[in-house]
Amino acid sequence: MMKGGDPQEVEISLNDSDHEENGEEPQTLWKAQPGPDEEEEEDNIHTSALVEISDTQPLINSRDPRGINDVLQVTFEDVIAEPVSVRSGDRVWIWSHALFEVGRVWIYRIVTVLLAIPMSIITGLLFAIVSCFHIWMVGPGTRYILICLCWVQFLWATFLDVILYPFFSSAGRCCRGFSIHFAKE
């Protein structure tokens, strides 16, 4: 029951026959209402943040979203450059450019086909081992050491407060009267 209002009857129909007879389109109840920024882009599924960032779909278009390998963006002009004084023929330059690009792309594809899956399995295994070791060994071990050496922490804080703080405080007060002025002569 709603507070402050009269209860209303709600009819729920599970078939769409009423909508088809009236010529109305059925209302989709599970679809979220678009926000003010999403109204223009409602039909384009690729603009949804849920589709672009998904755990189940790989990010095909942005394979280096954090820019880890920006230094590897190498073009032909970054590797081979002819000065004005020494130049080869135009056809040699065009063919070498084409062969460089084709060779770079296809050799990379062949090497990744041979190495990508085994390397991803090995790195996944290594990261899993390191994560497990850190979670179950390093974290609890560090916590255990901090608990056991709590008295050392208390002793160190006392040493700093009783001996070093008064010494450096006195030295600071003694040196407070000195001033240094730089002048050009």
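Colleague: What pattern does the protein follow when read along the sequence?
Modeller: Reading along the sequence, you get α-α-α-α-α. Keep in mind that this is a predicted model.

Colleague: And how many helices and strands does that come to?
Modeller: The secondary structure comes to 5 helices and 0 strands.

Colleague: What share of the residues is buried?
Modeller: Buried residues make up 1% of the 185 residues in the protein. The accessible surface comes to about 18500 Å², and 64% of that belongs to carbon and sulfur atoms.

Colleague: Let's pick a helix. How far apart are the end C-alpha atoms of H4?
Modeller: They are only 76 Å apart, although H4 has 59 residues. A straight helix would reach 87 Å at 1.5 Å a residue, and H4 falls short of that.

Colleague: Where in H4 does a kink lie?
Modeller: There is a kink of about 45° at Leu115, shortly before the proline Pro118.

Colleague: What about H5, how does its span work out?
Modeller: Helix H5 covers residues 150-175, and its 26 residues should span 38 Å at 1.5 Å a residue. The end C-alpha atoms of H5 are 36 Å apart, which agrees. H5 has a kink too, of about 40° at Leu164, shortly before the proline Pro166.

Colleague: Switching to side chains: how many salt bridges are there?
Modeller: The count comes to 1 salt bridge. Arg104 forms it with Glu101, and the closest N and O atoms are 2.7 Å apart.

Colleague: How are Arg104 and Glu101 placed in the helix?
Modeller: Both belong to helix H4, residues 90-148, and because they are 3 residues apart there, about one helical turn separates them. In general, side chains of opposite charge can pair when their charged atoms come close.

Colleague: Is Arg104 buried, exposed or partly exposed?
Modeller: Arg104 is partly exposed, with a relative accessible area of 37%.

Colleague: Now the rings. How many aromatic pairs does the structure hold?
Modeller: It holds 4 aromatic pairs. Phe167 and Phe168 have ring centres 5.3 Å apart and planes at 70°, so that pair is edge-to-face. Phe167 counts as exposed at 54% relative accessibility, and Phe168 is exposed as well, at 55%.

Colleague: Which residues form an aromatic cluster?
Modeller: Phe76, Trp93 and Phe100 form one.

Colleague: Last one: what sits over the ring of Trp106?
Modeller: That's the charged end of Arg109, 5.0 Å from the ring centre.

Notes
Residues are numbered from 1 along each chain as its sequence is written. This is a predicted model: local features need pLDDT of at least 70, side-chain atom pairs count only at pLDDT 80 or more; totals for chains, interfaces and linings use all residues. Side-chain values use heavy atoms; hydrogens and water are left out. A salt bridge is a side-chain nitrogen of Lys or Arg within 4 Å of a carboxyl oxygen of Asp or Glu. Helices (H or I, at least four residues) and strands (E, at least two) are DSSP runs, numbered from the N terminus. Buried means under 20% relative accessible area, exposed over 50%, partly exposed in between (1.4 Å probe, protein chains only). Rings of Phe, Tyr and Trp (its six-membered ring) pair if their centres lie within 6.5 Å; planes under 30 degrees apart count as stacked, over 60 as edge-to-face and the rest as tilted. A charge sits over a ring if NZ of Lys or CZ of Arg is within 6 Å of the ring centre and within 35 degrees of the ring normal. The expected span of a helix is 1.5 Å times one less than its number of residues. The bend at a residue is the angle between axes fitted to the seven residues ending there and the seven starting there. Accessible areas come from the Shrake-Rupley method with a 1.4 Å probe; for residues, only the protein chains shown count as cover.
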